[in-house]
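Biologist: Please take a close look at a single part of this model and describe its surroundings. Then set that part in the context of the whole chain.

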Amino acid sequence: GAQIGRDAAPHFKKLSLELGGKNACIVFDDADMEAAVLGVVRSSFTNQGEVCLCGSRIFVQRGKYDEFLEKFVAATKQLVVGDPLAATTTMGALNSKAHLQKVMGYVTIAQQEGGTVVTVGDRPALDGAHAGGFFMNP
């Protein structure tokens, strides 16, 4: 990044750098835990996580890890998956079958690599027009 900035500076080029969609959420021991959990849940699940600045990695300082995990899981379980037009819904469907399969595949890979899944991450049973849609529980 520094080299790109040096190369662009003499030409007064406007530029921005990104980390390839690997946005980190970082929670330190002195964080306001309620605000941190709210921010990370919002960052991770807004638009079903299909946002270019979605929090895709969460780093929590060891001293607050257990507290954060407990509150994060509780907040995640409060999300309502379903009809995106319903006032009570907080999370709609993923954008395609291929993307749903890709996301579910990441859950499988995480488990195969020794990760622990602390929320369900499965498909919700929806009725009516949304049955069989590309929905996934957080």
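Modeller: Helices here are DSSP runs of H or I with at least four residues, strands are runs of E with at least two, and both are numbered from the N terminus. On that basis the order of elements in the protein chain, starting at the N terminus, is α-β-α-β-α-α. The radius of gyration is 18 Å, well over the 14 Å given by the globule rule for 138 residues, so the protein chain is more spread out than a compact globule. The model is a predicted one. In total the chain has four helices and two strands.

Beyond its neighbours within four places in sequence, Thr-119 has contacts with Val-73, Thr-76 and Pro-138. For Pro-138 there is also a polar detail: a polar atom of the Thr-119 side chain lies 3.2 Å from the backbone oxygen of Pro-138.

As for the wider setting, 62% of the chain's contacts with a separation of 6 or more join residues 24 or more positions apart. The C-alpha trace spans about 60 × 35 × 35 Å along its principal axes. Of the 138 residues, 23% are buried. The accessible surface is about 9600 Å², and carbon and sulfur atoms supply 56% of that area. The chain carries 13 positive and 14 negative charges, whose mean positions are 9 Å apart.

Definitions and conventions: Residues numbered from 1 in each chain as written. Predicted model: local features only at pLDDT ≥ 70, side-chain atom pairs only at ≥ 80, totals over all residues. Heavy atoms only, no water. Polar contact = N/O pair within 3.5 Å; in protein donor to acceptor, adjacent residues only side chain to side chain. Contact = heavy atoms within 4.5 Å. Rg over C-alpha atoms; globule rule 2.2 N^0.38 Å. Buried < 20%, exposed > 50% of the residue type's maximum accessible area, 1.4 Å probe, protein only. Areas by Shrake-Rupley, 256 points an atom, 1.4 Å probe, with all protein chains shown as cover. Lys, Arg positive; Asp, Glu negative; His and termini not counted. Charge placed at Lys NZ, Arg CZ, Asp CG, Glu CD.
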